[in-house]
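Hello,

Here is the structure I promised to hand over. Please open it alongside this email; my notes follow below.

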Amino acid sequence: MPEVFIDGKRFEYEGDQRLLQFIQDQGMEVPFFCYHPSMSAPANCRQCLVKVGQPVKDRETGEYELDDDGERVIRWFPKLQTSCNTMISDGMVVLTQETDDLVKRAQKDNLEFILINHPLDCPICDQAGECPLQIQTYKYGPEGSRFEVKKVHKPKRVQLGPRVILDAERCINCTRCVRFTDEISETHQLTITSRGDKNYPTTAPGMEFDDAYSLNTVDICPVGALTSADFRFRARVWEMNQTPSIDITNAKGTNIDLWTRDNLVLRITPRYNEAVNDHWMPDEGREAYRLFNENRISKPLQKLDEGQTKSSWNNAFATVTEQLEDVSKDDVLLIGSSHASVEENYMLSKFASILGYNAPVFCSHIEDGKGDGFLLTDDVAPNANGCRLLGFDEVTGDELSKSASSAKVILLLNDHVVDRGVIDKDHLNNSFVINFATNHTETTKIADLVIPITCVAEHAASYVNIDGRIQRTHPAKETKYTNRRLDFEMNEGRLDRYGTNFDNWVTEENKVDCLPFWIVINKISEEMGLDDFTYQSGREIMDEISSSVTPFGGVSYAKMDEESGIVIQKEKQTV
């Protein structure tokens, strides 16, 4: 087995590996700025310098030459090497800043050069608190600056595109952003202009940075040169809770983190999952923070003569019971949703089964031409495969319209069928429509009863993506009836590991008056005199699904967490 020695420790390796990545994989550290594991390694920043040597072999015998102490004779490279683009070779000896003073001094001097023209605006920079330059300056850099003349000035507050703003003075020319548009999104919209200490990234004259993945450049920028127009100056990263979740704006199931403060989602960033999205996510998924914060339904709404008015929860549950008791079982239409989770659709299905209604149906949400072969898909719903695996009948818009026209009571689970043109509102005129929804839409406006349910940012639930991989979410926001300190599913992670785990801001107006759909079904069934529904969490429901629905056999939240999702459907759906 090939071996490499790093700071006196022996490691074995397989295949071709970059030295810097291998060092990181061993839990060790070498500072760097320009390197990214999913892109090429240009060695621009020169920060990842290490001392590298090879043992000397006798040309005739092939044996290693030994010194007087019986140790291998090492022939050191004449200069320090950039570890990001140095490939490991058998017997290689490496010294990092931890064991070699020359390496330590080189990294310190390099940081001093980088900081010569860098503005001292950490107190107002969005990157502060998660800035590699800031962190590495504290760990490896000089204690002060010897540079006493005026710094170079470059363009500031440049709107490169609709979502990205450039502060060129902060740029250290790592070229990560340019390489992203060249190698990952392949739009080639960014390039480096000017020369020497005056260069910075920009677009071609007259062009804008409207790449569908543009905000990934903000994520990978190692300083505050590129910032998000939406998130700019809104919060400090150490003030927010970071909660793992998945993107619900299409069927890819991109892994994300939700960043919340004062019970509002302030930004969404990608979370690494090699099997799904690598390090990236589309900009469209980041804009979902508006769905979680704005236009939310809070408290039940009931249609009266003068329009919809707020109602009590008890009255809402009683109204559902009255409507269902007054009609025959065949006059009730249950519409599931590819926008709702596996657990929510299962609860609707079980409710129908116990009461003897026809099984729920669903209509997939396809936008032809939306997919790009990368992280955007034609299917703009996160859980169509979940509905299929639960055994729901997939119907067309015409079929759904026909069923809706003849139904007397419709239970609609969080699918904006009127907004997306699946059903014309005239088809609902003769039905009592009960809509379980998260946000106000044209569909909710025409409903006779609207019951607010939790969104993906407020519950733990699972979704099956386009590749048949089931993944789950964690609640990031509190509702009127939950508390981060009491809900063990709620994440307490913050970048400020030595501060409080919780927000110092508590604004009750930011908590939506809604319930998880399974709690709503519990209450309705209780009102109807049924004792089959006592579920308190998505985890409990998934355990039942795992034991009763064949495709989900062996699935659990614990297993999903351990394996970053589980492939339960081998054949990929074509969308």
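Predicted model: local features only at pLDDT ≥ 70, side-chain atom pairs only at ≥ 80, totals over all residues.

Which residues of helix 2 are buried? They are Val 103, Ala 106, Gln 107, Asn 110, Leu 111, Glu 112 and Ile 114. The helix runs over residues 101–115. The N-terminal end of helix 2 is capped by Asp 100. There, a side-chain oxygen of Asp 100 lies 3.0 Å from the backbone nitrogen of Leu 102.

Helix 3 holds Gln 136. Gln 136 counts as buried because its relative accessibility is 10%, and the cut-off for buried is under 20%. Leaving out residues up to four places away in sequence, Gln 136 touches Pro 31, Phe 32, Phe 33, Gln 47, Leu 111 and Gly 141. Leu 111 is one of the buried residues of helix 2. The side chain of Gln 136 also reaches the backbone oxygen of Phe 32, at 2.9 Å.

Asp 126 sits in the loop between helix 2 and helix 3. Is Asp 126 buried or exposed? Its relative accessible area is 11%, so Asp 126 is buried. Its side chain reaches the backbone nitrogen of Phe 233 at 3.1 Å. Residues up to four places away in sequence aside, Asp 126 touches Thr 227, Phe 231, Arg 232, Phe 233 and Arg 236.

**The chain as a whole**

Now step back. The chain has 575 residues, and 56% of them are buried. Its secondary structure comes to 15 helices and 25 strands. The C-alpha trace spans about 95 × 60 × 45 Å along its principal axes. Take the contacts in the chain with a separation of 6 or more: 66% of them join residues 24 or more positions apart.

Asp 126 and Ala 340 are 214 residues apart along the chain, and their C-alpha atoms are separated by 34 Å. Leu 304 and Asp 100 are 204 residues apart in sequence, with 78 Å between their C-alpha atoms. Leu 304 belongs to strand 15 (residues 301–304). With a relative accessible area of 42%, Leu 304 is partly exposed.

**Helix 13 and helix 8**

Next, look at helix 13 (residues 517–527). Eight of its 11 residues are buried, so helix 13 is largely enclosed by the rest of the structure. The buried ones are Phe 517, Trp 518, Ile 519, Val 520, Ile 521, Asn 522, Ile 524 and Ser 525.

What covers these residues? The cover includes helix 8, helix 9 (342–355) and helix 14 (538–548). It also includes strand 20 (409–413), strand 21 (432–437) and strand 22 (449–452).

Two packed helices are described by the angle between their axes and the distance between the axes. The axes of helix 8 (residues 313–325) and helix 13 come within 9 Å and cross at roughly 65°. The crossing is right-handed. Helix 8 brings Trp 313, Phe 317, Ala 318, Val 320 and Thr 321 to the contact. Helix 13 brings Val 520, Lys 523, Ile 524 and Glu 527. By class, that makes six nonpolar, one polar and two charged residues. Val 520 and Ile 524 are also among the buried residues of helix 13.

Just after helix 13 comes Gly 529, with a positive phi of about 85°.

Most residues other than glycine have a negative phi. Here are two with a positive one.

- Glu 186 has a phi of about 60°. It lies in the loop between helix 4 (176–184) and strand 9 (191–193). Glu 186 is exposed, with a relative accessible area of 55%.
- Asn 263 has a phi near 65°. It lies in the loop between strand 13 (255–261) and strand 14 (264–270). Asn 263 counts as buried, at 7% relative accessibility.

Over to you.

Best wishes

Key: Residues numbered from 1 in each chain as written. Heavy atoms only, no water. Axes fitted to C-alpha atoms, helices over the stretch in contact; angles between N-to-C directions. Helix = DSSP H or I, 4+ residues; strand = E, 2+ residues; numbered from the N terminus. Left-handed = near helix turned anticlockwise from the far one by under 90°. Contact = heavy atoms within 4.5 Å. Nonpolar A, V, L, I, M, F, W, Y, C, P; charged D, E, K, R; others polar. Expected span 1.5 Å × (residues − 1). Buried < 20%, exposed > 50% of the residue type's maximum accessible area, 1.4 Å probe, protein only. Polar contact = N/O pair within 3.5 Å; in protein donor to acceptor, adjacent residues only side chain to side chain.
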